[in-house]
Amino acid sequence: MVFPNNISPWLVIVATIFLGIVPGDASQLEPYTETIPGTLITFDLVPIPGGSFSVANPENLDIERILRVDDIWIGKTEVTWEEYDVWQLGLDHEPAKRRQINTESRPSRPYGAPDWGFGHSGFATLSVTVHAAEEYARWLSEKTGKNYRLPTTAEWQYACYLGIGAAPVRERTIMPNLNIEDRDAIAWHFGNSDRATHPVASKKPNTLGVYDMLGNAGEWGRDKDGATALLGGSYRDEVTNIHCGARAEQARAWNSTDPQIPKSTWWLSDAPFAGFRIIRDPGAEESVR
Amino acid sequence: MENSRITRRDAIKTTAAVTAGIVSNPRFAFAGGQRATMRVGVIGCGGRGTGAAANCVESSEGVQIVSMGDLFANRLASSRQQLAEQLGTAFKVTNDTAFTGYDAFESVLATDIDMVILATPPAFRPQHLRAAIDAGKNIFMEKPIAVDPMGVRLVIEASEIAKEKGLAIVSGTQRRHQAPYLEAMKRIHDGAIGDVVAAQVFWNQGGLWNRERQPGWTDMEWQARNWLYFTWLSGDHIVEQHIHNIDVANWAMQGHPTKAVGVGGRQVRVEPEFGHIFDHFAIEFEYESGGRVMSMCRQINGTANHVGEHIVGTRGTADPERWIRGQQAWQWGDTEYVNPYVQEHTDLIASIRAGTPLNEGRRVAESTLTAIMGREAAYTGQEITWDEILNAEMSLVPDAFHFGPMPVPDVAVPGITTLDRNI
């Protein structure tokens with residue numbers, strides 16, 4: 001099939017220029033499988049050993065700042081609809097009690113099909129606002145007693161760079177991008193996706209055993225200063241725009257056809273590429289400390 | 001509100017007759033010269049009416065929202081606040097041009113406006129459309145445009161009068177103004193997939209919002225605030241929501257079907273707060289050409305989603321929002337992003353200003369009637385023909401509205417429910 005040469009008008013990619021990465025000692029954390037309490041739904045988490053990475057000033061390529069990342073666990077896959085549905089549909093409650101759930105704390109009913117018919121079971125959650133993603137993580141933390149949240153942009157990028165095999169580099173060099181073949185092997189992008197997401201973990205994992213950080217659904221992250229962005233590019237982006245420094249800030253077009261005013265705070269009517277992955281931050285948990 | 005009784009009961013049975021005595025004047029709305037500013041009123045200020053008002057202002061230069069009306073004071077107030085914040089100086093509504101109650105539409109139409117947005121629940125649309133045409137206003141009206149055959153006939157009649165008066169009517173079936181659909185349909189009608197022989201169209205999703213009944217609400221207030229769940233107000237979800245996809249099927253087939261057979265039921269969403277509508281339908285429509293359209297819609301939580309259309313031709317297939325496959329393959333390239341909810345207003349206002357008013361009234365009336373025909377095929381369990389549904393005596397909307405008792409109709413039972421239902 002011939003694809004027109006286009007770049008999705010929904011995404012404005014701004015690259016972080018990455019200089020180097022310094023992983024810390026091997027993580028003491030172990031991989032584990034979480035079960036959403038009261039359900040048979042599970043998902044896997046992978047430890048990411050803390051470390052630091054440096055980011056360049058785009059003008060002179062000098063080190064602009066060095067970001068330190070602590071040990072965390074990161075979701076092995078993007079959060080899937082099975083996981084998200086437990087929360088958004090209230091499946092953690094008995095059917096008779098679902099309608100009594102506080103409607104302020106759970107997503108409103110979406111108008112239309114937020115999975116856009118790409119697939120549901122085993123597919124990444126899509127069309128969600130950053131608010132919805134953060135509220136999901138908050139709910140999951142209350143359910144499990146663990147500290148789940150969205151990754152910061154620094155955590156996400158650090159894990160991404162580490163995962164694509166960025167060797168420990170201590171000198172100031174610009175890390176080479178993955179070549180196209182490598183990206184094709186690990187990422188669903190415009191050239192191989194047929195304009196749809198694919199089941200999570202259907203490409204090869206990165207070297208940490210984490211899937212789909214690049215491509216497939218874009219993934220919400222939050223900067224230290226509160227700014228939010230979708231990270232890593234999505235299936236709608238050209239392969240050259242799929243990399244660990246890719247970030248897209250929410251544009252007006254992402255919910256422009258939500259026909260209602262006020263627009264939904266939970267769903268993005270025109271962003272079937274906005275998904276997320278959660279991390280667990282043990283530093284914020286008394287029991288782990 | 002006696003005039004509504006007269007209006008509904010006077011509905012003509014066929015669509016040829018047009019009220020006598022109309023003077024044809026293509027510039028009727030702008031007699032004495034066009035104004036630079038398009039002054040717009042809004043009737044029905046829920047989420048969609050508010051959204052449509054904002055889309056309208058965004059669509060074209062020189063548009064102002066000058067009057068508003070809603071059945072409920074709280075809905076009017078929140079809509080006013082949101083539009084005031086969003087539209088800035090284009091929002092000119094004052095306390096003197098904001099109205100509540102059943103008669104609010106008459107008050108809005110009496111203000112100095114060139115165009116009106118009709119966005120109440122569809123039960124009221126035929127009456128509001130006719131009043132707006134009589135008042136000489138151009139129209140943007142949300143889909144669907146009626147809930148029963150009598151309402152459809154009223155809209156067809158009113159649309160003919162609008163044509164005579166040179167007034168524009170655009171309806172909220174925004175796929176008709178959406179670039180990929182327009183391009184795909186042009187190619188399909190130019191033969192890109194051969195003869196169109198079939199289509200499958202879907203709107204399968206979870207449930208929608210529901211407002212808990214508050215102490216002190218009468219039956220009528222509770223139903224009006226939860227209008228989705230009452231056939232007399234919404235037409236049921238096959239009419240209210242799935243009309244978008246059914247309209248695309250008619251577009252591909254270049255006409256309306258001649259008969260329908262279908263199934264449907266109320267299987268999961270059975271609690272009283274969900275009124276009496278069904279939660280799923282599956283209908284087969286047959287067209288003059290022999291073409292067949294399979295239509296499916298569902299509102300059940302936790303089930304597979306699918307909203308879209310698939311068109312089958314003798315030499316290819318199409319998803320008219322995305323691609324054509326076959327020897328004349330094509331894919332929508334996303335080269336320019338245009339919000340179809342804005343574009344429909346752009347096209348409407350441009351047509352008014354050019355003196356060549358669009359009139360989508362009959363087309364959307366036929367799509368609405370197609371959806372009603374599907375609903376009735378499922379409700380009654382019978383094969384329903386176009387002529388039968390077009391001329392059916394069914395009337396679901398009360399002749400007069402007042403806040404008071406309003407029994408919930410029985411859930412339709414295939415094999416027992418009949419077409420000649422009247423409230």
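How many positive and negative side chains does chain B have, and how far apart do the centres of the two sets lie? In this predicted model, chain B carries 38 positive and 49 negative side chains, with the two centres 2 Å apart. Lys and Arg were counted as positive and Asp and Glu as negative, leaving out His and the chain ends; each charge was placed at NZ of Lys, CZ of Arg, CG of Asp or CD of Glu.

Residues are numbered from 1 along each chain as its sequence is written, and chains are lettered from A and ligands numbered from 1 in the order in which they are written. Local features need pLDDT of at least 70 and side-chain atom pairs pLDDT 80 or more, whereas totals for chains, interfaces and linings use all residues; side-chain values use heavy atoms, without hydrogens and water.

Chain B contains 14 helices and 15 strands, taken as DSSP runs numbered from the N terminus (helices H or I, at least four residues; strands E, at least two). The C-alpha atoms of chain B occupy a box of roughly 55 × 50 × 45 Å along the principal axes. Among contacts (heavy atoms within 4.5 Å) in chain B with a separation of 6 or more, 77% are between residues 24 or more positions apart. The accessible surface of chain B is about 15600 Å², with 51% belonging to carbon and sulfur atoms (Shrake-Rupley method, 1.4 Å probe; for residues, only the protein chains shown count as cover).

B:Thr50 lies in helix 2 (residues 47-59) of chain B and counts as buried because its relative accessibility is 1%. Beyond neighbours within four places in sequence, B:Thr50 is in contact with A:Ile261, B:Cys45, B:Ser79, B:Gln82 and B:Leu83. Its C-alpha atom is 9.7 Å from that of B:Ile117, 67 residues apart along the chain.

Chain A has four helices and 13 strands, and 58% of its 289 residues are buried. Chain A exposes about 12300 Å², 51% of it supplied by carbon and sulfur atoms. An open sheet of five strands in chain A has the order 3-4-7-13-8 with antiparallel pairing (at least two DSSP bridges between two strands). Strand 3 (32-35) and strand 8 (148-149) stand at its edges with a single partner strand each, so one side of each lacks a neighbour in the sheet. Within chain A, strand 4 (residues 42-48) pairs with strand 7 (residues 72-75) over four bridges, and A:Val46 stands opposite A:Ile74.

Strand 5 (residues 51-56) of chain A is largely enclosed by the rest of the structure, because six of its six residues are buried. A:Gly51, A:Phe53 and A:Val55 point one way, and A:Ser52, A:Ser54 and A:Ala56 the other. Six bridges join strand 5 to the antiparallel strand 6 (residues 63-69) of chain A, where A:Arg68 is the bridge partner of A:Ser52.

Helix 1 (residues 81-88) of chain A has seven of its eight residues buried, with cover that includes strand 4 and helix 2 (130-144) of chain A.

Note on methods: Buried means under 20% relative accessible area, exposed over 50%, partly exposed in between (1.4 Å probe, protein chains only).
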